[in-house]
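Okay, thanks for coming, everyone. Let me put the structure up on the screen, and then we'll walk through it together.

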Amino acid sequence: MDTTSRLIMLLEVVEQGSFSKAAEIRNIDRSVISKQISKLEEELGVRLLNRTTRSFSLTAAGAEMVKKAAELRVLLQDTVQMAENYHQEARGLLRITSSSYIGKYYLLPVINDFQKRFPQVTIELRLDDRVIDMVSEGFDLAFRVGEPRDSSLIARKVARNRMLILATPQFIETYGEPKEMSDLAELPAAAYSSNHIRFESISYIDDKGKPQEQPITPVFKSNDGEALLEKVLSHTAFCTAPAFFFADHIDHAQLVPMLTHVNLPDYSAMYAVYPHRDLPVRTRLFLDAARHYIGEAVPRWEHNIPGLDKMYLPK
């Protein structure tokens, strides 16, 4: 390993906040990183980190080296992208990260078709509902619901994300169909819940055009869309969710939209996120293919929901 590689490794340790997390990303042992940082200190002739058994801190020299390492990483990435853009045909490794549901149901079909067209492109798809650091973990493209918090990333809207209130016909037969939003408080709900997001109420716009929140009573919570779907299909709970989750089941009459006269604002849109505007050929072509498959003006899942264009709209 050369000095440049060790500097990048130092940067990753600082970004991740620990040797262990940096090692996990690289899929190597923690001791390997520790030895390489020690060698870097020997090569440069300065101490970069003050270490304890549980933590570390940067020395003044270490802080300066980390700044230079960040600049170096950007320079290396730009150099690679510049070289790749000279290729007339897409090739090389494309690393994509996505939430599990989006990846399985909306990206895999794109990947299969894309690799038929461009067999020299190898694709790694990482399905993970946590928000990752794209730059330090080396991903080219991310598909997420909601704009990224990191302002240094580029976000491009892929599709809108309308909200629905859904239940099975059997659930409605058992519990009765709600007539007003306040009726939902008395019904068992299935709700998305993760470390960062918890649905414990439904946002809507009242007859006077003012935003309101209707509390719900979750009897089942999960961070997995498919688990929520199975709960709703068991006829024991209703669910409020983005349209892309349940479109096929509405089309097959397994689920019924409720309270369609209520004005529900869209949830955060689906975005493609990438670290640089100057995309390599393979990344740009894949992004174009994904946007075409999903559909921008009207997302493909909305075609499977009869009458959606008349539901949940302002009065």
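So, let's start with how the chain connects to itself. If you take the contacts in the chain with a separation of 6 or more, 74% of them come from residues 24 or more positions apart. Before I go on, keep in mind that this is a predicted model.

Now the overall picture. The chain has 315 residues, and 44% of them count as buried. What does the secondary structure come to? We get 10 helices and 14 strands. As for dimensions, the C-alpha trace spans about 75 × 50 × 35 Å along its principal axes. The accessible surface is about 16,600 Å², and carbon and sulfur atoms account for 49% of that.

Okay, let's zoom in on one helix pair. The crossing of H1 past H2 is right-handed.

And who's touching whom? On the H1 side you've got Ser5, Ile8, Met9, Glu12, Val13 and Gln16, and they meet Phe19, Lys21, Ala22, Ile25 and Arg26 of H2. Sort the residues of that H1 and H2 contact by type and you find six nonpolar, two polar and three charged.

That's my tour, so over to you for questions.

Technical notes. Residues are numbered from 1 along each chain as its sequence is written. This is a predicted model: local features need pLDDT of at least 70, side-chain atom pairs count only at pLDDT 80 or more; totals for chains, interfaces and linings use all residues. Side-chain values use heavy atoms; hydrogens and water are left out. A crossing is left-handed if the near helix is turned anticlockwise from the far one by less than a right angle, and right-handed if clockwise. Helices (H or I, at least four residues) and strands (E, at least two) are DSSP runs, numbered from the N terminus. Contact means heavy atoms within 4.5 Å. Ala, Val, Leu, Ile, Met, Phe, Trp, Tyr, Cys and Pro count as nonpolar, Asp, Glu, Lys and Arg as charged, and the others, Gly among them, as polar. Buried means under 20% relative accessible area, exposed over 50%, partly exposed in between (1.4 Å probe, protein chains only). Accessible areas come from the Shrake-Rupley method with a 1.4 Å probe; for residues, only the protein chains shown count as cover.
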